[in-house]
Amino acid sequence: MSEDDRTRAMRSPGDGRPLPPRPGDGLRAGGAPAHQVPSAPAGRPGAPTHKLPVAPQYPEPGSGAASPGSAPDEPPQGRSRVYGRARAGSSPVEPLRSRRGPSDPSKPHRRVSGKTILKIVAGLLVALLVAGVGMFFWINSRIAGIDGVLDDYQGRPADTPGTNWLLVGSDSRKGLSAAERKKLRTGQAVGQRTDSMMLLHIPEGSDKPTLVSLPRDLAVDIPGRKRDKLNAAYNGGPQLLVRTVESVTGVHVDHYMEIGFAGFVGIVDAVGGVEINVRAAVDDPKAGLKLKKGTQVLNGAQALGYVRTRKGGALPDFERTKRQRQFLGAVVKKAASPGVLINPFTSIPLAMSATDAVSVDGDTGAFDLLSLGLAMGDSPVTTVVPFGGTERLADGGEAIKSDRPKALALFNALKADKPVPKDVIDTGN
């Protein structure tokens, strides 16, 4: 045994010193460190007796240096091993990506095409159209018609230009419970009478509509009866009232609509109240009403008291008709506003309240009511039948006497679809 062999046998494999090489030996790990130990200066103790092979160095991409036998800037052939096997190909190994990771920011997001947007808009329009048509038929089916109210009769005025509505507010308590009658101070009267009557003319041209109050105590000739107050004609039914108004005015009535106390309150509350400029403070315990002067929002109960009270003014009944015209214009304008009609939370309750409260002639439908609302929202010219004192009736009662020349000028303008002369308009309306 040589001296080197004896030395190897005597050393412990783990003493940390490298073993002297043997001819024909390759790299060994017998006690040698697993990493390359920095070499010590020559001649100093502890210098390694041999060097570990150094891994080949490849140039950085684009550095211009090339390995022998390869073209410049060509990446080296892949020599790594994947899971213990030699990896095929020459491209560098890319790191694994998570399937749920964020998308590559270099790739543009997919945008919605214009055709898709058009399809969505078209679908919404179709849905709105279907809903509107359904709403129309639903409202139309709920409208209560009065048969025969506009039937022809001998001597009836011919159809005149424009559209004429006879609007009647009745004091019918139908639909009100005993508690509601007490709360609204409507009294316990049975049957019904007119509380207000108005003639609305909607012109064919661009002129403003005209709203004329017909005093219920106006002395008129009632067809088939004696001369009496206009309100007495309504006691004979809507048909007799229409015939009386047509014979007195000479205006052909195209549509008839009436509304009672209960519906009046419901419509106002459905639109969230109406804004009214109260011209003078009102304190009427009989109507259950106490209002301050100035602009304010009235609820249904307050509005009903406002149009019924006879307090204030030298001629209380005429002040009352002014308030009725003022209020009717305000409530219809509010009901026809886009904020109410477009909002289903107000338009649907309004439609239900209006159709429950309103009665019309058999030929009037939802489109006609819409045209009425638009006309009332167009700030119509408002006035009252010109009057000139009172007259004594055959039964001893007293009625209002119209100023015949001025009244004829008013009604003739409506028949001809022309603006009402300014000298016959009530300027205090």
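Modeller: A residue is called buried under 20% relative accessible area, exposed over 50%, and partly exposed in between (1.4 Å probe, protein chains only). Leu-128 is exposed, at a relative accessible area of 60%. The model is predicted, so local features need pLDDT of at least 70 and side-chain atom pairs pLDDT 80 or more, while totals for chains, interfaces and linings use all residues. Residues are numbered from 1 along each chain as its sequence is written, and side-chain values use heavy atoms, without hydrogens or water.

Now the charged pairs. Side chains of opposite charge can pair when their charged atoms come close. With a salt bridge taken as a Lys or Arg side-chain nitrogen within 4 Å of an Asp or Glu carboxyl oxygen, the count is six. Asp-152, Arg-156 and Glu-246 form a network of such bridges. In the Asp-152 to Arg-156 bridge, N and O are 2.6 Å apart. Asp-152 is exposed, with a relative accessible area of 64%, whereas Arg-156 is buried at 15%. Arg-156 also meets Glu-246, at 3.1 Å from N to O. Glu-246 lies in helix α5 (residues 238–249) and Arg-156 in the loop between β3 (144–146) and β4 (163–170), so this pair ties together parts 90 residues apart in sequence. Helices (H or I, at least four residues) and strands (E, at least two) are DSSP runs, numbered from the N terminus. Glu-246 is buried, as is Arg-156.

Another bridge joins Asp-217 to Lys-229, with the closest N and O atoms 3.9 Å apart. Asp-217 sits in the loop between β6 (210–213) and β7 (219–221), and Lys-229 in strand β8 (residues 227–229), so the two are 12 residues apart. Asp-217 counts as buried at 18% relative accessibility, while Lys-229 is partly exposed at 26%.

Leaving aside neighbours within four places in sequence, Phe-327 is in contact (heavy atoms within 4.5 Å) with Phe-264, Val-268, Val-274, Ile-276, Ala-303 and Val-307.
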